[in-house]
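Me: Please take a close look at a single part of this model. Start with the setting, then go through that part and what it touches.

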Amino acid sequence: MLPMSLVSRLLMALALVQPAAQGEFVPVTPGTATEQLPAGPLVIAAYAIIWVAMMFYLWTIWRRLNKVETDMHALERRKHTK
Amino acid sequence: MRRLFMPLLVVATAMFAYAPYMIDGAAYESSMGLVQKIFYFHAPSGMMMLLSAIVCGVASALYLWRRKPAMDHLALASAELTVLYGLIVIATGPLWARKAWGIWWDWDARLTMSFVGWLIAISYLFVRKYAGPGSDKLGAALAVFGMANVPFIYLSVNLWRTLHPKTSVVPSLPPLIRGPFWFSALALFLMYLLLLTARLHLERQRAALDALYLAEED
């Protein structure tokens with residue numbers, strides 16, 4: 001019984017140590033915020049990833065579509081020459 | 001759908017290009033500062049990931065039931081989009097987390113379940129590519145499980161203690177953040193429709209090519 005109580009107390013203590021998840025966003029009052037670490041490179045990297053991923057996927061669709069349409073034209077040409 | 005493609009391309013690209021300017025003008029969040037600007041594309045990408053997983057699951061369930069090829073095409077196109085948007089979520093999240101939480105990754109409920117959902121979509125594509133005959137039905141069953149994971153991903157932040165912001169964040173956004181957020185979300189949704197339309201067209205063309213090959217063999 002005693003170890004169970006100790007375990008539950010330990011778990012409760014751990015739960016108290018863990019920071020709570022944020023429930024809402026609050027806009028900053030102008031002139032009060034200061035940056036401790038540079039966030040610029042992280043934001044730029046995030047936006048670059050989004051753009052590159054979207055454009056790369058669009059390019060892969062275009063490339064695959066070109067291949068299918070080339071095959072279709074070749075097949076139709078072959079059919080007409082028979 | 002083909003008539004809608006060009007206007008959709010113009011509007012989606014213009015909105016997608018303009019979104020960073022709107023985000024730049026949005027208010028800084030008090031505790032996170034500049035890095036919170038990742039939120040404007042990270043959260044809508046998460047929404048699109050869940051949306052495409054649902055579309056993939058529903059289309060797959062309908063394909064298993066009715067065996068209509070159009071549903072299979074929709075499921076395959078949606079699975080690719082789940083992987084694409086999942087990649088964006090999983091890549092941009094850690095960039096935000098590094099600054100906001102001090103760590104790149106945490107195996108908490110939201111992050112782990114999102115990662116599992118992304119892996120299910122990748123598994124679907126692997127099954128479709130390498131499992132041979134019957135892979136369409138096998139993949140469809142997998143996609144239904146992928147869809148079943150979606151409510152757990154969404155509710156995980158409310159059900160368990162996580163570092164990730166809760167679902168209450170988006171409905172309670174202040175006006176200075178709300179406008180740019182929904183603008184970005186709409187831009188990403190239009191981009192989703194554009195990519196889905198293009199990918200569906202590819203799948204239809206592939207089906208037409210297969211039909212031509214079969215006709216030639218006969």
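**A close look at one helix**

Reply: Chain B has seven helices and zero strands. Both are DSSP runs numbered from the N terminus: helices are H or I, at least four residues, and strands are E, at least two. The order of elements from the N terminus is α-α-α-α-α-α-α. This is a predicted model, in which local features need pLDDT of at least 70 and side-chain atom pairs count only at pLDDT 80 or more, while totals for chains, interfaces and linings use all residues. Residues are numbered from 1 along each chain as its sequence is written, and chains are lettered from A and ligands numbered from 1 in the order in which they are written.

Confidence comes next. Mean pLDDT (the predictor's confidence in each residue, from 0 to 100) is 91 for chain B, with 99% of its residues at 70 or more. For the complex, the predictor gives an ipTM of 0.88 and a pTM of 0.85.

Along the principal axes, the C-alpha atoms of chain B fill a box of roughly 70 × 40 × 25 Å. Of its 218 residues, 43% are buried. Buried means 20 or more other C-beta atoms within 10 Å of the residue's own, exposed means 12 or fewer, and partly exposed lies in between; C-beta atoms are placed from the backbone. Of the contacts in chain B with a separation of 6 or more, 77% join residues 24 or more positions apart. Contact means C-beta atoms, placed from the backbone, within 7 Å.

Start just before it. Helix α2 of chain B covers residues 39-66. R67(B) follows α2(B) and sits in the loop between α2 and α3 of chain B. Its phi is near 60 degrees, a positive value in a residue other than glycine. Most residues other than glycine have a negative phi. R67(B) counts as exposed because it has 12 C-beta neighbours inside 10 Å.

L87(B) is partly exposed, with 19 other C-beta atoms within 10 Å. Its C-alpha atom is 9.2 Å from that of S45(B), a residue 42 positions away along the chain.

Now the packing. The axes of α3(B) and helix α4 of chain B (residues 109-130) come within 9 Å and cross at roughly 140 degrees. Axes are lines fitted to C-alpha atoms, for helices over the stretch in contact, with angles from 0 to 180 degrees between N-to-C directions. The crossing is left-handed: the near helix is turned anticlockwise from the far one by less than a right angle, whereas clockwise would be right-handed. On the α3(B) side, the contact residues include L76(B), V83(B), G86(B) and I90(B). On the α4(B) side, they include F115(B), W118(B), I122(B) and L125(B). By class, this contact has 11 nonpolar, four polar and two charged residues. Ala, Val, Leu, Ile, Met, Phe, Trp, Tyr, Cys and Pro count as nonpolar, Asp, Glu, Lys and Arg as charged, and the others, Gly among them, as polar.

The contact between the chains takes 45 residues from chain B and 35 from chain A. On the chain B side, α3 and α7 (175-217) are the elements that give two or more residues. The largest share, 14 residues, comes from α7(B). This side has 28 nonpolar, eight polar and nine charged residues. Chain A itself has two helices and zero strands, and 10% of its 82 residues are buried.

Notes
Expected span 1.5 Å × (residues − 1). Contact = placed C-beta atoms within 7 Å.
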